[in-house]
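I opened my notebook to look up how this protein is put together. I start with the domains, then turn to a sheet and a helix.

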Amino acid sequence: MKLSEITSYLESIAPLAYQESYDNSGLLVGDPNMEVSKAIVSLDCIEDVVDEAIREGANLIISHHPIVFSGLKRFTGSNYIEKVVMKAIKNDIALYAIHTNLDNVRHGVSGKIAERLGLENVQVLEPKTGLLSKLQTFVPHDKAGEVRDALFAAGAGHIGNYSECSFNSEGYGTFMGNDQSNAYIGEKNVLHTEPETKVEVILPTRLTSKILKALFLAHPYEEVAYELIRIENTHQEVGSGVIGEFPKELSEGDFLQLLKTGLQTKVVRHTQTLGKTIKKVALCGGSGSFLLKNALQAGADAFVTADYKYHQFFDAEGKILIADVGHYESEQFTMDLLLGKIQKKFPTFAICLTKCNTNPVFYSI
Ligand SMILES: [Zn+2]
């Protein structure tokens with residue numbers, strides 16, 4: 001299979017436009033046209049994983065964390081990043097990272113943790129703004145259905161669990177074509193009045209060119225009348241962390257135990273227990289302490305994340321149970337998430353999880 005087939009699929013689940021500004025997700029090493037024989041999925045792309053790929057005859061490593069974050073100026077193997085990149089290039093191994101773009105989709109990294117813990121009604125904790133636009137176009141009545149269908153098929157009109165959302169109002173448009181015009185209806189140099197439907201749809205801004213192309217193809221007019229407006233609405237499917245509820249309240253003790261078993265970790269660092277039951281839980285895979293305010297606002301009983309610093313634990317202020325389960329521990333199931341999705345999409349493609357434990361943190365208990 002071509003590398004680009006796999007990367008296009010991954011980018012349909014977690015579009016690159018959803019990554020954070022500091023991130024470097026996407027294809028880091030490799031020719032999009034190369035044939036991929038086998039892929040390995042890992043959380044981190046360290047040298048052990050590249051060695052494993054060489055041994056296993058795999059020529060693609062899909063990792064959550066990008067090995068390269070900022071520009072590399074020399075390739076002398078002086079640090080682990082250069083070593084990994086050099087070895088991958090030497091051995092024709094492509095490196096692909098799917099990082100904060102996968103963090104930022106509802107069914108991504110944090111959604112997978114919520115699933116492991118058995119949370120229900122899972123929503124994005126901090127939905128992003130600035131990702132949506134509104135398109136309105138003016139279509140002759142009898143063509144409105146066709147144009148709407150084309151817009152929906154190109155990705156417009158999705159809101160939460162609803163698709164094919166639009167608003168339609170009727171009015172009339174006027175136009176007069178000049179000598180060079182080739183109007184769909186009406187005569188040159190004669191003012192024409194046409195009964196039109198104004199079709200309004202919401203769209204992800206990243207799909208603008210695709211949706212406009214669909215509009216221009218489906219719309220009968222030589223000059224398509226439309227307006228494109230950036231809107232400030234939040235995108236409910238895109239953002240940081242998630243929040244969900246247990247079907248039944250848990251005691252704090254049972255909750256902490258569930259974190260250990262569900263996330264396969266021996267240690268959970270947490271704030272003082274509050275003698276309350278736990279029902280609503282906010283969580284974020286990896287370093288999520290910046291979301292505490294959102295967890296509190298949403299009325300979460302507990303907030304699960306990683307990389308909490310000593311002083312940040314004080315921010316709980318007796319209002320919430322903060323639990324730090326470890327960065328690797330919280331994100332390790334991202335590998336299963338990716339493997340499952342790719343296997344479902346490409347059932348005959350050879351892909352496996354790394355056998356290397358890439359966690360750089362060890363515990364002596
Ligand atoms: Zn991470």
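I looked up the spacing of two domains: the C-alpha centres of domain 2 and domain 3 lie 45 Å apart. The bounds come from an automatic or database domain assignment. That assignment gives domain 1 as 3–100 + 333–353, domain 2 as 109–126 + 239–325 and domain 3 as 131–231.

I noted the ground rules. This is a predicted model, where local features need pLDDT of at least 70 and side-chain atom pairs count only at pLDDT 80 or more, while totals for chains, interfaces and linings use all residues. Residue numbers run from 1 along each chain as its sequence is written.

Next, the overall size. The C-alpha atoms fill a box of roughly 85 × 55 × 40 Å along the principal axes. I found twelve helices and 15 strands; these are DSSP runs numbered from the N terminus (helices H or I, at least four residues; strands E, at least two).

Strands count as paired if DSSP finds at least two bridges between them. β5 and β10 (residues 234–250) are antiparallel over seven bridges. I looked up V124: its bridge partner in β10 is V242.

Last, helix α5 (residues 109–117). Is it mostly covered or uncovered? Mostly covered: seven of its nine residues are buried (20 or more other C-beta atoms within 10 Å of a residue's own, with C-beta atoms placed from the backbone). Among them are V109, I113 and L117. Just after α5, G118 takes a positive phi of about 85°.

Note on methods:
A residue is buried if 20 or more other C-beta atoms lie within 10 Å of its own, exposed if 12 or fewer, and partly exposed in between; C-beta atoms are placed from the backbone.
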